[in-house]
Amino acid sequence: MDRTEPLLLIDRDSRRRAAITHTCAGRGLHVEPFEDIGELARRWPDAGVILAHDDGTVIADLVATMTASGAWLPLVAFDEHPLPQRIVAAVLGGAVDYVAWPFEPDDLAEALRGAQGRAQSMGSMRLREAMARSRVDK
């Protein structure tokens with residue numbers, strides 16, 4: 001991950017959010033922690049990778065927010081004990097990767113690099129999809 005781009009962390013659990021922020025800062029990553037999507041949406045960044053705790057709804061809500069705004073950022077989901085079906089649902093729903101917390105530093109770094117690599121093509125595809133849906137709705 002480009003060290004100038006922030007890691008946008010969304011997690012309702014303040015203790016886990018603090019622990020993740022500390023872990024990532026120790027790896028030289030700039031982390032911007034948010035409690036929820038609304039807090040992030042109020043000051044949506046131009047760049048970065050979103051790391052979101054998968055609570056069952058956040059992935060779909062983030063993808064809907066990005067689709068409506070036309071501002072796509074790569075999304076990596078995480079959970080403490082992810083179930084295979086939850087991982088599949090998140091990736092099919094728009095996440096570009098999924099990691100388990102607590103993160104192994106190399107696993108997180110690899111997920112973030114991969115997210116950036118897929119961001120360009122995934123973002124273009126999602127924006128085209130949103131535009132097509134908008135035309136169908138009209």
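Guide: Buried means under 20% relative accessible area, exposed means over 50%, and partly exposed lies in between (1.4 Å probe, protein chains only). This is a predicted model, where local features need pLDDT of at least 70, side-chain atom pairs count only at pLDDT 80 or more, and totals for chains, interfaces and linings use all residues. Residues are numbered from 1 along each chain as its sequence is written, and side-chain values use heavy atoms, with hydrogens and water left out.

Side chains of opposite charge can pair when their charged atoms come close. The whole structure holds six salt bridges (a side-chain nitrogen of Lys or Arg within 4 Å of a carboxyl oxygen of Asp or Glu).

Start with Asp54. It is buried, at 3% relative accessible area. Its salt-bridge partner is Arg86, at 4.0 Å from N to O. Arg86 belongs to helix α4 (residues 84-93), while Asp54 is in the loop between β3 (49-53) and α3 (58-69), so the bridge ties together parts that are 32 residues apart in sequence. Helices here (H or I, at least four residues) and strands (E, at least two) are DSSP runs, numbered from the N terminus. Arg86 itself is partly exposed, at 31%.

Next, Asp36 and Arg12. Their closest N and O atoms are 3.8 Å apart. Asp36 sits in the loop between β2 (31-34) and α2 (37-41), and Arg12 in the loop between β1 (7-10) and α1 (14-26), so this pair links distant parts of the chain, 24 residues apart. Asp36 is partly exposed at 23%. Arg12 is exposed at 57%.

Then Arg27 and Asp106. Their side chains form a salt bridge at 3.7 Å, N to O. Arg27 lies in the loop between α1 and β2, Asp106 in helix α5 (residues 105-137), 79 residues apart. Relative accessibility is 40% for Arg27, which counts as partly exposed. For Asp106 the value is 56%, which counts as exposed.

Last, a network. Salt bridges link Asp11, Arg16 and Glu80. Arg16 has a further partner: its side chain makes a polar contact with the side chain of His53, at 3.4 Å. A polar contact is a pair of N or O atoms within 3.5 Å; within protein, one must be able to donate a hydrogen and the other to accept it, and residues adjacent in sequence count only if both atoms are side-chain atoms. His53 lies in strand β3 and is buried, at 15%. Beyond its neighbours within four places in sequence, His53 is in contact (heavy atoms within 4.5 Å) with residues including Asp11, Arg16 and Phe78.
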